[in-house]
Amino acid sequence: MAAARGTQAKTPQLDWTEARPAPVVLISGPEAFLADRAAQAIRTTLVEAHPDLEVHDVDAASYAAGELFTLASPSLFAEPRLLRIDGVEKCSDAFIEDAKRYLAEPADDTTIVLRHSSGQRGKALLDLIRKGTGGAIEIACPEVKKDADRLAFAQAEFRRLGAQITPGALRMLVGAYSGGIGELAGACVQLVSDVGARISEDEVNRATEGRVETNAFRVADAATAGRGAEALVLLRQALSTGTDPIPLLAALNMKVRAMARVYGASGGSGQLAKELGMAPWQVERAQRELRGWREVDLARCIDQAAETEWLLKGGTRDPEYALEKFVLLVARRGRERQ
C-alpha cells in the first residue's frame, strides 16, 4: 500500500507491514489504525533488543523549543530512547525548526517516530526527510477504502492469525464491517477466537447476524438471483428491525453496478480485476450473476436505482414501498434470465 514517490526521493518507503526502527521514522497517511500498528511494531522490536528502552511521547502541536534535544540527550546510564511525536500535521513552528536541526545530526541510540496524517503543515520538514536526511525511512499508511483493499487486509489478518476463511465468508465479513478497519480487524480476531482456524459462511452469518450490512447483502443476493419472494421476506425482516432503507438500496445497487461493469468485458478475472478496480472473486461472481442479463435490463435497473434513491431521500411518503418495487424489479429481471 506504500504510495509511490517521485524519482528524486531517496528515503526508503515501506509498507506498514515492513515497519522497522531507524534514526528517524516518518509514518505518513490518514489510516490511524495502520499507523498505530506500525508504531507498535517499531516499539516491540526496540524493546526486544533493549529491555531498558526509554519511551517518550511528544505532542507536536504544543511542542516547546529545545524539547527534542533534551529528550534525545544521553541519560546517565545511556539507555536507548524512543521518541514518539504525534500530530506533526499540527506542529508548532518551534518543532519544525528543531526537527530540521536534529535531522542534520541525529542522536546515537535514539529512534524518533514522526506521525503526520495529512495536510501541508510541516511540508518543508517532510521534504527534507524524504530526501534521505538523517537516515530516515517513511512508512505509508493510506486510507483503506476500496473493497479489494479491505478484502486483502482481512485476508492478511486471518493469515496472521493462522486461520483460513472461505471467499464467500470473507466477503460477508467485510460487508458486515464497512466502517473503520480497526473494527474489521477486531472482528477477525473475535471470529477466530470463537470459531477456530477454519471459517465458513455459516459461522460468519451467525457472528454478524443483525448487522445492517449483512442483511443488505442477503437481500441483494436473493434479488439478483431472481428469488423475489425470498428477497421480499428478507427486506421486510430488515425493515421491521429498524434497518434504514438507504444501506439496503446501496448494497443492491452495488451488485447491479458490478454486473454492469463486467458486462461485455473480455479477459481473465485477474486481468479484469486490475482494469475494473475489483477483486478477482468479485469479477467471477458478477460474471456468474450476469448470465442471461441483457444490457437494457442492467440500464433499467441502474436508472431505477437512481430514482429509488431520490424517493428514499424525501421524494415519497412511503420509502419502504419504493424500495420493495426496486427489489422486485431486480428479482424479476434476474428470474427472466434463468
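Trainee: Which residues of the largest nonpolar core touch the most other members?

Mentor: This is a predicted model, in which local features need pLDDT of at least 70, side-chain atom pairs count only at pLDDT 80 or more, and totals for chains, interfaces and linings use all residues. Residues are numbered from 1 along each chain as its sequence is written, and side-chain values use heavy atoms, with hydrogens and water left out. A nonpolar core is a set of buried Ala, Val, Leu, Ile, Met, Phe, Trp, Tyr and Cys residues joined through side-chain atoms within 4.5 Å, where buried means under 20% relative accessible area, exposed over 50% and partly exposed in between (1.4 Å probe, protein chains only). Among the 41 residues of the largest core, those touching the most other members are Val25, Ile27, Ile139, Phe158, Leu173 and Val204.

Trainee: Which element gives the most to this core?

Mentor: Helices (H or I, at least four residues) and strands (E, at least two) are DSSP runs, numbered from the N terminus. At least two core residues come from each of β2 (24–28), α1 (32–49), β6 (136–140), α5 (147–160), α6 (167–176) and α7 (181–195). With seven residues, the element that gives the most is α7.

Trainee: With which residues is valine 204 in contact, leaving aside its neighbours within four places in sequence?

Mentor: Contact means heavy atoms within 4.5 Å. Under that condition, the partners of valine 204 are Ile165, Ala169, Met172, Leu173, Leu191 and Ile199.

Trainee: How many nonpolar residues are in the lining of the largest cavity?

Mentor: On a 1 Å grid over the protein atoms alone, a cavity is a set of points where a 1.4 Å probe fits but cannot get out, a pocket is an open set with protein on both sides within 12 Å along at least five of seven lines, and lining residues have an atom within 4 Å of a point. The largest cavity holds about 50 Å³ of space, and α3 gives the most to its lining, with four residues. Ala, Val, Leu, Ile, Met, Phe, Trp, Tyr, Cys and Pro count as nonpolar, Asp, Glu, Lys and Arg as charged, and the others, Gly among them, as polar. The lining has no polar and no charged residues, and its nonpolar residues number nine.

Trainee: How many charged residues does the lining of the largest pocket have?

Mentor: This pocket has about 690 Å³ of space. Its lining comprises 34 residues, of which Asp147, Arg171, Phe217, Met254 and Gln282 lie nearest the centre. The largest share, eight residues, comes from α11. By class there are 15 nonpolar and six polar residues, while the charged residues number 13.

Trainee: Is aspartate 109 buried or exposed?

Mentor: Its place is in the loop between α3 and β5, and its phi is near 55 degrees, a positive value in a residue other than glycine. Because its relative accessibility is 54%, aspartate 109 counts as exposed.

Trainee: Which residues do ring pairs link into a cluster?

Mentor: Rings of Phe, Tyr and Trp (its six-membered ring) pair if their centres lie within 6.5 Å; planes under 30 degrees apart count as stacked, over 60 as edge-to-face and the rest as tilted. Tryptophan 16 and phenylalanine 153 form a tilted pair, 6.4 Å centre to centre with 45 degrees between the planes. Phenylalanine 33 and phenylalanine 153 form an edge-to-face pair, at 6.2 Å and 85 degrees. The cluster linked by ring pairs is Trp16, Phe33 and Phe153.

Conventions
Points joined across faces, edges and corners; volume = space filled by probe spheres on them.
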